[in-house]
2 protein chains.
Amino acid sequence: MLLKSNFVTKNKNVILYGISLAVLLFLLKWLELRFIIMSHAFEIYAGIIALIFTGLGIWLALRLTKPKIKTVVVEKEIYVEKPENFTVNQHELAKLNLSKRELEVLNLMATGLSNQEIAAQLFVSVNTVKTHSSKLFEKMEVKRRTQAVEMAKRLNIIK
Amino acid sequence: MLLKSNFVTKNKNVILYGISLAVLLFLLKWLELRFIIMSHAFEIYAGIIALIFTGLGIWLALRLTKPKIKTVVVEKEIYVEKPENFTVNQHELAKLNLSKRELEVLNLMATGLSNQEIAAQLFVSVNTVKTHSSKLFEKMEVKRRTQAVEMAKRLNIIK
DNA sequence: TTAAAAATCACCCGAAAGTATGAACGATGA
DNA sequence: TCATCGTTCATACTTTCGGGTGATTTTTAA
């Protein structure tokens, strides 16, 4: 049942064409009887056939052509929780011209460590840390470690 | 010249149809001469006309109609880093149980301001700012402003 | 209405932070 | 080779920060 229905659906156009053909042949037979005896009736008859079948062809073509499939890709944005794709802004970092050690101190500062703790981490004296921090404040043109950290995070030079 | 060329281009299909028609009529006339005397030749003739003009109709339709376009929308998921739609983590903020003023001080601290500057911003004395900061350090269980700011940013309670 | 919490301010003190200056040493590069 | 820069450290000094304590006033909630 379903198969038959499917067959009908699939061949709908072919069946319609067949029926149309049958109807037209009947019509033509009738026309033949009416015009066959008239002079020049044949040319008229041929013209009518031509017109009708041209129309039929057009109709068929419109039915049977498969539509072109145009694929439109719509980008759907999915917001992800800040993935760890942090990349250092090398340009800004370069502009600041910080030394390796100064940058280390800056990073440790950003974690909230005191000079004492930073000194312990780097195995140097507190005075050294102070020197580094003073120089990096100067280079960054800030007055406090909090400002330095804020700026560094804003410029994406530390995570 | 250009106008004429444009005209030709625009009506190319119509002209082609005209020419096809002329050729076909000539062909039909010839066929008429050959088959008119044969028995049942007329049915064959009509069939040929029908076939040819059906083909012509199909050809015409394919030429003259705009191609059908079926648009298929495909959603492509692209992952975007959460834009600056910073939202305060109310849950974490509530857990800390900070007062309005303490949160204000915390926010100003995060911008790198000193207690002196914060006091000026809030039109209170430095001592008041100190009191607020001390209490918020206690609530956040940190020892320094830098730690407080680091924690606050990590917990998404300040921008 | 009354108690608790928040906000305000003051004073003191020690710790931490930051400035200034100088010095020593090694690496780097013109 | 000489100058520069980075790193290290020290001393001395000032400023800022943070803890502790206490007090007053306002706001909020029970």
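How many residue pairs are in polar contact across the interface of chain B and chain A? Seven, with both partners at pLDDT 80 or more; a polar contact is a pair of N or O atoms within 3.5 Å, where within protein one must be able to donate a hydrogen and the other to accept it, and residues adjacent in sequence count only if both atoms are side-chain atoms.

Before you click around: this is a predicted model, where local features need pLDDT of at least 70, side-chain atom pairs count only at pLDDT 80 or more, and totals for chains, interfaces and linings use all residues. Residues are numbered from 1 along each chain as its sequence is written, chains are lettered from A and ligands numbered from 1 in the order in which they are written, and side-chain values use heavy atoms, with hydrogens and water left out.

**Stop 1: chain A.** Color it by secondary structure. You'll find eight helices and one strand, in the order α-α-α-β-α-α-α-α-α. Helices (H or I, at least four residues) and strands (E, at least two) are DSSP runs, numbered from the N terminus.

**Stop 2: the interface.** Now show both chains. Here 48 residues of chain B are in contact (heavy atoms within 4.5 Å) with 49 residues of chain A. On chain B's side, α3(B) gives the most, with 14 residues. Other elements giving two or more residues include α2 (12-35) and β1 (69-81) of chain B.

**Stop 3: a salt bridge.** Select A:Glu117 and B:Arg144. Their side chains meet in a salt bridge at 2.7 Å, N to O; the term means a side-chain nitrogen of Lys or Arg within 4 Å of a carboxyl oxygen of Asp or Glu. The count between the two chains is two.

**Stop 4: helix α8 of chain B.** Is this helix mostly covered or mostly open? Mostly covered: eight of its ten residues are buried, meaning under 20% relative accessible area with a 1.4 Å probe, protein chains only. Among them are B:Gln147, B:Val149 and B:Met151. The buried residues pack against α5 (100-110) and α8 (145-154) of chain A, along with α5, α6 (115-122) and α7 (126-140) of chain B.

**Stop 5: B:Arg145.** Stay in helix α8 of chain B and pick this residue. B:Arg145 is buried but has no salt bridge, and the nearest side chain of opposite charge, B:Glu117, is 7.3 Å away. (Lys and Arg count as positive, Asp and Glu as negative; His and the chain ends are not counted.) Not counting residues up to four places away in sequence, B:Arg145 touches A:Thr146 and, on its own chain, residues including B:Met109 and B:Phe137.

How values were computed:
Buried means under 20% relative accessible area, exposed over 50%, partly exposed in between (1.4 Å probe, protein chains only).
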